[in-house]
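Me: I am new to reading protein models. Can we go through this one in short steps?

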Amino acid sequence: MPMGNNRRNRMSWRPRSLQARQLLAASLGLVAFLALAGYALDRAFVDVASQGQRERLRVFAEFYAGAVEFARDDTLIPPEYPPDERFERPGGDLYAAVVTENGEWFSGSAQGPQLPELALLEGGQVRIDGPLPMVDSAGLAGEVIRYGRGFVLVREAGGEETETPFTVYIMEDAGSLPSQVQVFRQALWRYLGVSGIILLLLQTVVLRWSLWPLRRVVSELTQVQRGRLNRMGELHPRELQPLTESINALIDSERQNLEHQRNTMSDLAHSLKTPLAVLRTRLDSGASDAELREELETQLRRMNDMVGYQLGRAASSGHKLFAAPVEIEPHAEQIVRGLEKIYASKGVLCEFDIDSEARFHGEPGDLQELLGNLLENAFKWAGSRVLLTARPGESAANRRPGLVLVVEDDGPGIPPDRIALVLQRGVRGDERVHGHGIGLAIVQTLIDSYRGELRVGQSEELGGARFEVILPPGL
């Protein structure tokens, strides 16, 4: 029972789509960014507001220090006008006080509230305290921030200097700064929230727009699977171009392989039909046992050759789309050693001119088939020399380099008017030479399967035939 539940859970679970993944990741990143930005702005505002408050209290203190005057008997004469009307408004949140050796003076706003005790400071001394407890005019408890600074007034009277020390205190309701911070925070998070929603919506639109090419690729692939399209389109973003090209190459390769298998079976059936018909005719004609045995051996040999050829053709047609690079020289040496034994009586010498960077990107069996047929044809017609050349071919960005193979001999060569003929299946360059006439046809089929090109001409260096195989860059 638990195993069944686990199986159902695995079947019901589905990985999130790319759009959901990106939207979730971007949303989490956006929320984290807005939270950090809001926290940083909040701390910056609190620091700036606190510094602004201290600076404001300092300016008020310096105003009162410059505005107050003292009579000859050191009686304090207050300023006529305060720097802020709240200093004279009862119940205001700003209070001013001047402390001297003879007593204290308070602004109009300080009449009624019970403010913290004040002390005379030394000249130049600055003290910032708070929040300190206080009781307002309504008898309610509160707190104030207190800024105090000591001053010394130097006066000259009768040729003597006298010093009058005094201290100016400026006090502000401690709740004014938190209220400002609260208003700022409400506005900050409201605007950040609205901005976050707008950014999320914009992000969703951008993600859908950026993932639209992927949805188009999926749509085209679905239409290919349902048979509505033969292959995927060519116009895609360059990031998706290798993917679509690989899919098209796979589709083309599979269709070519399927078509080739069908053709091979059709050719095999058609080829076997004639020998079978001959045997049926001989059986019906009442021929003797000896004649039937001889005819049977002949037709069986013929059918065996046909089956071998068709199977070889079928095996050579399929190749991996993404095969590892294969070195040329080891396979060429193996083939040449065998051919030198077969054609030992001719004394043919095979020379190599193989670039160390040359690689065949395909099945090793295809390379063996390609080199084997070309080199065997060269050994068959050569007088004494065969030359194999291999070098990297054309290259393209993000693609495997191509390959150029050239096989030349010093034989009689191929007349230009017979080049197209010898590449046909079952046709030999010289009917007096033993063979089936399918080697070059297999070469042509192999080259076509790799979308390559076979060029046949005369060798300028050796004077005989020259076969040049050009394979284009691969995926």
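Me: How many of the seven residues of E14 are buried?

Reply: This is a predicted model, where local features need pLDDT of at least 70, side-chain atom pairs count only at pLDDT 80 or more, and totals for chains, interfaces and linings use all residues. Residues are numbered from 1 along each chain as its sequence is written, and side-chain values use heavy atoms, with hydrogens and water left out. Buried means under 20% relative accessible area, exposed means over 50%, and partly exposed lies in between (1.4 Å probe, protein chains only). E14 is largely enclosed by the rest of the structure, because its buried residues number five of the seven.

Me: How many helices and strands are in the chain?

Reply: Helices (H or I, at least four residues) and strands (E, at least two) are DSSP runs, numbered from the N terminus. By that rule the chain has ten helices and 14 strands.

Me: In what order do the five strands of the open sheet stand?

Reply: Two strands pair if DSSP finds at least two bridges between them. The pairing in this sheet is mixed. Strands E9 (349-354) and E13 (453-458) each have a single partner strand, so one side of each is left without a neighbour in the sheet. The order is E9-E11-E12-E14-E13.

Me: Which residue takes a positive phi in the hairpin of E13 and E14?

Reply: E13 and E14 pair in the antiparallel sense over six bridges. Leu-454 stands opposite Val-469 in E14. The hairpin has six residues between the strands. The residue with a positive phi, near 90 degrees, is Gly-463.

Me: Which strands does helix H8 lie across?

Reply: Contact means heavy atoms within 4.5 Å. Axes are lines fitted to C-alpha atoms, for helices over the stretch in contact, and angles run from 0 to 180 degrees between N-to-C directions. Helix H8 (residues 364-381) runs at about 20 degrees to E12. The strands that H8 lies across are E9, E11, E12 and E14.

Me: At what angle do H7 and H8 pack?

Reply: Their axes are 10 Å apart, and the angle is about 40 degrees. The angle asked for is about 40 degrees.

Me: How do the residues of the contact of H7 with H8 divide by class?

Reply: Among the residues that meet are Ile-335 and Leu-339 in H7, and Leu-371 and Leu-375 in H8. Ala, Val, Leu, Ile, Met, Phe, Trp, Tyr, Cys and Pro count as nonpolar, Asp, Glu, Lys and Arg as charged, and the others, Gly among them, as polar. The division is nine nonpolar, four polar and two charged.

Me: What is the relative accessible area of Leu-250?

Reply: Leu-250 is found in helix H5 (residues 241-284). Its C-alpha atom is separated by 9.9 Å from that of Arg-231, 19 residues apart along the chain. Leu-250 is partly exposed, with a relative accessible area of 43%.
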